Amino acid sequence: MTKGEDVTREKRIGGLARAARGIATVALAVALGCAAAKQLAALRQVEFHLNGVSGARLAGVTLDNIRSYSDLKPADLARLGLAIAAHHVPLDLTLQVEGRSPETNTVTAKLVAMEWTCLVDDHEVVSGQLSEPYTFEPGKARDIPVLVSLDLMQTFGSRRQDLIDVALSLAGRNASAHRATLRLTPSVATALGSIRYPVPVTLTISAPGAR
């Protein structure tokens with residue numbers, strides 16, 4: 001075999017090796033892409049519901065049995081008045097979100113993070129992010145507590161009844177004059193890394209006149 005033939009043979013082998021590596025890379029990318037798409041589809045199939053609101057307190061006043069401004073006792077109104085005078089009217093509550101994966105789902109959905117936003121009459125009032133991971137096995141439900149804390153006076157002014165009405169809407173009281181919603185944007189773990197849910201999920205907390 002001549003020197004020229006050796007060079008040609010080496011080039012041919014090198015070309016075949018590069019082609020093989022290219023095919024392997026494409027195959028791996030396709031496999032990873034399919035895995036990522038399958039895992040993202042698994043999260044999309046998870047159904048999110050709001051199971052209620054717990055621990056709602058406005059400036060230290062428990063709202064569990066309050067459905068309207070008229071239900072407040074004089075001591076409650078006095079406490080709220082002191083909070084307004086101090087320019088700090090905190091509202092604290094927990095939104096009880098449930099995620100359930102259908103039994104027909106063949107993949108365990110892996111939620112690695114979730115951004116959330118509370119809205120009152122379609123206006124954003126507070127937002128946050130859950131960093132604790134959750135897995136949703138087919139046919140099983142998981143509770144996801146969303147802790148909400150905000151100063152109502154910063155957004156809604158100092159009129160006492162207005163603050164009560166907004167607080168009741170976020171506490172899930174349908175007697176409120178406002179519509180409150182929770183918007184969720186999950187992120188799912190895939191073979192290609194974390195992927196943010198493309199379409200947010202919107203859950204109604206309360207709506208005027210709803211029963």
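Reader: Ground rules first. What kind of model is this, and what pLDDT do local features need?
Author: This is a predicted model: local features need pLDDT of at least 70, side-chain atom pairs count only at pLDDT 80 or more, and totals for chains, interfaces and linings use all residues. Residues are numbered from 1 along each chain as its sequence is written, and side-chain values use heavy atoms, with hydrogens and water left out.

Reader: OK. How many salt bridges?
Author: The count is six. A salt bridge here is a side-chain nitrogen of Lys or Arg within 4 Å of a carboxyl oxygen of Asp or Glu.

Reader: Which residue does Arg196 meet in a salt bridge?
Author: Glu115. The N to O distance is 2.9 Å.

Reader: Is Arg196 buried, exposed or partly exposed?
Author: Partly exposed, at 49% relative accessibility. Glu115 is also partly exposed, at 30%. The cut-offs: buried is under 20% relative accessible area, exposed is over 50%, and partly exposed is in between (1.4 Å probe, protein chains only).

Reader: What about Arg100? Which partner does it have?
Author: Glu98, with N to O at 3.8 Å. Arg100 is partly exposed at 36%, whereas Glu98 is buried at 15%.

Reader: And Lys140, which residue does it meet?
Author: Glu137, at 3.1 Å from N to O. Lys140 is partly exposed, with 48% relative accessibility. Glu137 is partly exposed too, with 38%.

Reader: How many bridges join strand 1 to strand 2?
Author: Two. Strand 1 covers residues 47-58 and runs antiparallel to strand 2. Leu58 stands opposite Val61 of strand 2.

Reader: Next, Ser206. Buried or exposed?
Author: Buried, with a relative accessible area of 1%. Ser206 lies in strand 10 (residues 201-206).

Reader: What lies 2.6 Å from its side chain?
Author: The backbone oxygen of Ser169 lies 2.6 Å from a polar atom of the Ser206 side chain.

Reader: What else is Ser206 in contact with?
Author: Leaving aside neighbours within four places in sequence, its contacts include Gly172, Arg173, Asn174 and His178. Contact means heavy atoms within 4.5 Å.

Reader: Last topic. Which loop holds Asp121?
Author: The loop between strand 4 and strand 5 (123-130). Asp122 is in the loop between those strands as well.

Reader: What is phi of Asp121?
Author: Near 55°, a positive value. Asp122 has a positive phi too, about 70°. Most residues other than glycine have a negative phi.

Reader: Is Asp122 buried or exposed?
Author: Exposed, at 59% relative accessibility. Asp121 is partly exposed, at 33%.

Methods:
Pairing = 2+ DSSP bridges. Helix = DSSP H or I, 4+ residues; strand = E, 2+ residues; numbered from the N terminus. Polar contact = N/O pair within 3.5 Å; in protein donor to acceptor, adjacent residues only side chain to side chain.
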